[in-house]
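Biologist: I am new to this one. Please pick a single part, look at it closely, and then show me how the rest is arranged around it.

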Amino acid sequence: KKIIIDLKDVEWMNSSGLGILIGAIQTLKNNGGQLVLIHVSDRIENLLKITKLINVFSIKPDLESALELL
């Protein structure tokens, strides 16, 4: 129930990608789980800010810090 998603090679994301992430975090939270995003590019971080989703997701810079959170 603890998932880390590495976005290192993700250059851009559209509404479908955001929808998948939102669905995943909702499902995990409803079942006592957690989702952490790592290696989020500036472009995707800006997208999360614009859509006001930045506070919905736990974002860490790398795997080690994400594992500390979980």
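Modeller: A residue counts as exposed when its relative accessible area is over 50%, as buried when that area is under 20%, and as partly exposed in between. Keep those cut-offs in mind. This is a predicted model. The part to look at is W12. W12 has a relative accessible area of 55%, so W12 is exposed.

Where does W12 lie? In the loop between strand 1 and helix 1. Now ask which residues W12 touches, not counting residues up to four places away in sequence. There are two names to give: R43 and I44. Take R43 first. W12 and R43 are 31 residues apart in sequence. In space, their C-alpha atoms are 7.0 Å apart.

Now follow I44. Leaving out residues up to four places away in sequence, I44 touches L7, V10 and M13 as well as W12. I44 also leads us into the core. The largest nonpolar core has 13 residues. Those that touch the most other members are L7, M13, L37, I44, L48 and F57. Helix 1, strand 2 and helix 2 each give two or more residues to this core. Helix 1 has the largest share, with 4 residues. As background, nonpolar side chains tend to be buried together in soluble globular proteins.

Strand 1 covers residues 2-6, and strand 2 covers residues 34-38. These two strands run parallel and are joined by 5 bridges. Within that pairing, I5 stands opposite L37. How does the chain get from strand 1 to strand 2? It passes through helix 1, residues 15-30, and this β-α-β crossover is right-handed. A second bridge pair between these strands joins I3 to L35.

Strand 2, helix 2 and strand 3 make a right-handed β-α-β unit.

The 3 strands form an open sheet in the order 1-2-3, with parallel pairing. Strand 1 and strand 3 each have a single partner strand, so they stand at the edges, and one side of each lacks a neighbour in the sheet. On average, neighbouring strands of this sheet are turned by 30° against each other, direction ignored. In a regular strand, side chains alternate between the two faces of the sheet.

Is strand 2 mostly covered or mostly open? Mostly covered: 4 of its 5 residues are buried. Helix 1 lies across strand 1 and strand 2, and runs at about 145° to strand 2.

Helix 2 spans residues 42-50. How many salt bridges does the structure hold? The count is 1. The side chains of E45 and K49 form it, at 3.6 Å from N to O. Side chains of opposite charge can pair when their charged atoms come close. E45 and K49 are 4 residues apart in helix 2, so about one helical turn separates them. Neither counts as buried here: E45 is partly exposed because its relative accessible area is 28%, and K49 is partly exposed because its relative accessibility is 45%.

Last, check the loops on either side of helix 2. Most residues other than glycine have a negative phi. H39 is not a glycine, yet its phi is positive, about 55°. H39 sits in the loop between strand 2 and helix 2. Its relative accessible area is 30%, so H39 is partly exposed.

K52 gives another case. K52 is not a glycine either, and its phi is positive, about 60°. K52 is in the loop between helix 2 and strand 3, residues 58-60. With a relative accessible area of 70%, K52 is exposed.

So much for the tour.

Notes. Residues numbered from 1 in each chain as written. Predicted model: local features only at pLDDT ≥ 70, side-chain atom pairs only at ≥ 80, totals over all residues. Heavy atoms only, no water. Pairing = 2+ DSSP bridges. Right-handed = clockwise from strand over helix to strand, strands pointing away. Buried < 20%, exposed > 50% of the residue type's maximum accessible area, 1.4 Å probe, protein only. Salt bridge = Lys/Arg side-chain N within 4 Å of Asp/Glu carboxyl O. Core = buried A, V, L, I, M, F, W, Y, C linked by side-chain atoms within 4.5 Å. Contact = heavy atoms within 4.5 Å. Axes fitted to C-alpha atoms, helices over the stretch in contact; angles between N-to-C directions.
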